[in-house]
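Here is a short report on a protein chain. Keep the sequence and the 3D view open while you read.

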Amino acid sequence: MRTFSIILSVLLTIHCNGQQPYTAPQFADSTAFQKMQAAFPIIEKIYHDYAKSNHFPSITYGVVANGKLVFSGSTGVSNLTTKAAASTKTVYRIASMSKSFTAMAILKLRDEGKLNLSDPVSKYIPEFQNVKPLTTDAPPITIQHLMTMSAGFPEDNPWGDQQLSATDQELLAFVRRGLSLSNVPGVNYEYSNLGFALLGRIITNVSYMPYQRYITDNILKPLGMNDSYYEYRDAPAAQLAIGYRWEEEQWKEEPLLPDGAYGAMGGMLCSLEDFAKYAAFHLNAWPPRNDADKGPVNRSSIREMHQPGRISNVFNVKTANGADCATASGYAYGLGWRRDCNGIVRIAHSGGLPGFGSEWRIYPDYGIGVISFSNRTYGAPSQANAIALDTILAIAGLKPRVLSAVPLLEATKEQLMKILPNWSAKETSEIFAENFFLDESLALRKAHTQQLFQEAGAIQKIGTVQAQNQLRGQFIIECTQKNIHVFFTMTPEAKPLVQQLDVWVEEKK
């Protein structure tokens, strides 16, 4: 018992920075990212075929992994008049993919102490005081309601797309006249471009500079995104993609709208090479860890952007073998969230405006993402991205990070194996929490575990702990007849103790 106490004392020493010992999850197969290269010719064909079958003048695509753009390509032309070939440097309007930049700027201002997400919108936009609640018991509309598409505004995709160039004065006059609401705040998800235009106005009022400048100076430039713009006339003409509509078996040019108050919801223009830096920044926020946080926005705030703020749907999707897979989707902060029956979390957002369609998606636990831009009206290549990403995972055999070798859990396992199955009362006094023997007596626990060990036979091998988090794990005891499965979870005390221990027999596989 003395040895274990020394181990725990070392493990639980509070460092000078106040942090407890922590183990970050890692990829088990370090070669998996190299194996992705075998998928790249297939990925190229996926996008080229998709562009052809959907009448895209051009499509530009890329794969992000290991913190960088690892594969990219283009097909078609960015300008039908000049016949300019599309490339990864071509600047496309990315439409609603702009929303996550707006949300990120709000979080940066929050982290700087300049606003709170729970603040009412009217605190920062005085004109919003003219917006009357739908019911007498409705709460004030907050910044967080805007961020999560739950402010009670009606879905406004058809209308919102035409507001892009509205001036600040026009937006404020619009709000001053009052708004119509479809729901009370905080109860339903409903996609709102207006909500993100208002977030842009909040950024402007809080930062004392146009939101475009704040985002450019505080997010784009620090990330090296020098080919990203809000005003299309600022982009080099030779790099600018012209947007088209496929109609009556021909492409028809769509007019480019100038920048305005609604650009915070969909006005950004960006090259694929630039956006890949942004996608890599999002992926780099995972996993939580102790190394230096270099910004320009806190990793914790990026991870916050990936959490569902409002569930929008629960449905089945078909797996590759045709089986149903229950899936939940929701809206986070300027990003869509989805988790399927296999536990895969996808963060994504599409973009669509007259002349343009785009989408990006990342699997944070797998450290990989894909991006694609097109210059066809509402031509978001979401299906191509889905096929491409899942193809890469299958060919490379990519697996999510796993949490292993947590010292505290391994030390606890070692002590448990000194106690089981006979339960020495002297040894139990320093490892188990106060609730433990109140939940089930020592006598009952002893009788139960002795029976299980007798049924399983002699111990042959004790497996390593499979960590579920920093304070919960399980391991297998391989015996001659059967295996014993041990699960335990620990308390939130400064010196964690075992609060739950479950032991059962499993048949050998």
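Helices (H or I, at least four residues) and strands (E, at least two) are DSSP runs, numbered from the N terminus. Lysine 413 lies in one such run, helix H14 (residues 407-419). The model is predicted: local features need pLDDT of at least 70, side-chain atom pairs count only at pLDDT 80 or more, and totals for chains, interfaces and linings use all residues. Residues are numbered from 1 along each chain as its sequence is written, and side-chain values use heavy atoms, with hydrogens and water left out.

**Lysine 413**

Is lysine 413 buried or exposed? Buried means under 20% relative accessible area, exposed over 50%, partly exposed in between (1.4 Å probe, protein chains only). Lysine 413 has a relative accessible area of 4%, so this residue is buried. Contact means heavy atoms within 4.5 Å. Leaving aside residues up to four places away in sequence, lysine 413 touches Ile462, Gly463, Thr464, Val465, Phe475 and Phe488.

**The whole chain**

The protein has 17 helices and 19 strands. Its C-alpha atoms fill a box of roughly 80 × 55 × 45 Å, taken along the principal axes. Of the 509 residues, 52% count as buried. Take the contacts between residues at least 6 apart in sequence: 65% of them join residues at least 24 apart.

**Serine 372**

Serine 372 sits in strand S14 (residues 368-374). Its relative accessible area is 0%, so serine 372 is buried. Which residues does serine 372 touch, not counting residues up to four places away in sequence? They are Tyr47, Ile59, Thr60, Tyr61, Gly357, Ser358, Glu359, Pro381 and Asn385. The side chain of asparagine 385 also makes a polar contact with the side chain of serine 372, at 2.8 Å. A polar contact is a pair of N or O atoms within 3.5 Å; within protein, one must be able to donate a hydrogen and the other to accept it, and residues adjacent in sequence count only if both atoms are side-chain atoms. Valine 63 is 309 residues away from serine 372 along the chain, yet their C-alpha atoms are separated by 9.1 Å.

**Helix H4 and its partners**

H4 (residues 99-111) packs with H11 (residues 272-284) and with H8. Axes are lines fitted to C-alpha atoms, for helices over the stretch in contact, and angles run from 0 to 180 degrees between N-to-C directions.

| Pair | Angle | Axes apart |
|---|---|---|
| H4 and H11 | about 50 degrees | 13 Å |
| H4 and H8 | about 40 degrees | 10 Å |

Angles under 35 degrees count as roughly parallel, over 145 as roughly antiparallel, 65 to 115 as roughly perpendicular and the rest as oblique. The crossing of H4 and H8 is left-handed: the near helix is turned anticlockwise from the far one by less than a right angle (right-handed if clockwise). On the H4 side, the contact with H8 is made by Lys99, Thr102, Ala103, Ala105, Ile106 and Leu109. H8 supplies Asn193, Phe196, Leu199, Gly200, Ile202, Ile203 and Val206.

H4 also passes H11 in a left-handed crossing. Here Ser100, Phe101 and Met104 of H4 meet Phe275, Tyr278, Phe281 and His282 of H11.

**Helix H9**

Helix H9 (residues 211-220) is mostly covered, with 7 of its 10 residues buried. The buried ones are Tyr211, Gln212, Tyr214, Ile215, Thr216, Ile219 and Leu220. H4 returns here: the elements that cover these residues include H4, helix H8 (193-207), strand S5 (228-229) and helix H10 (263-266).
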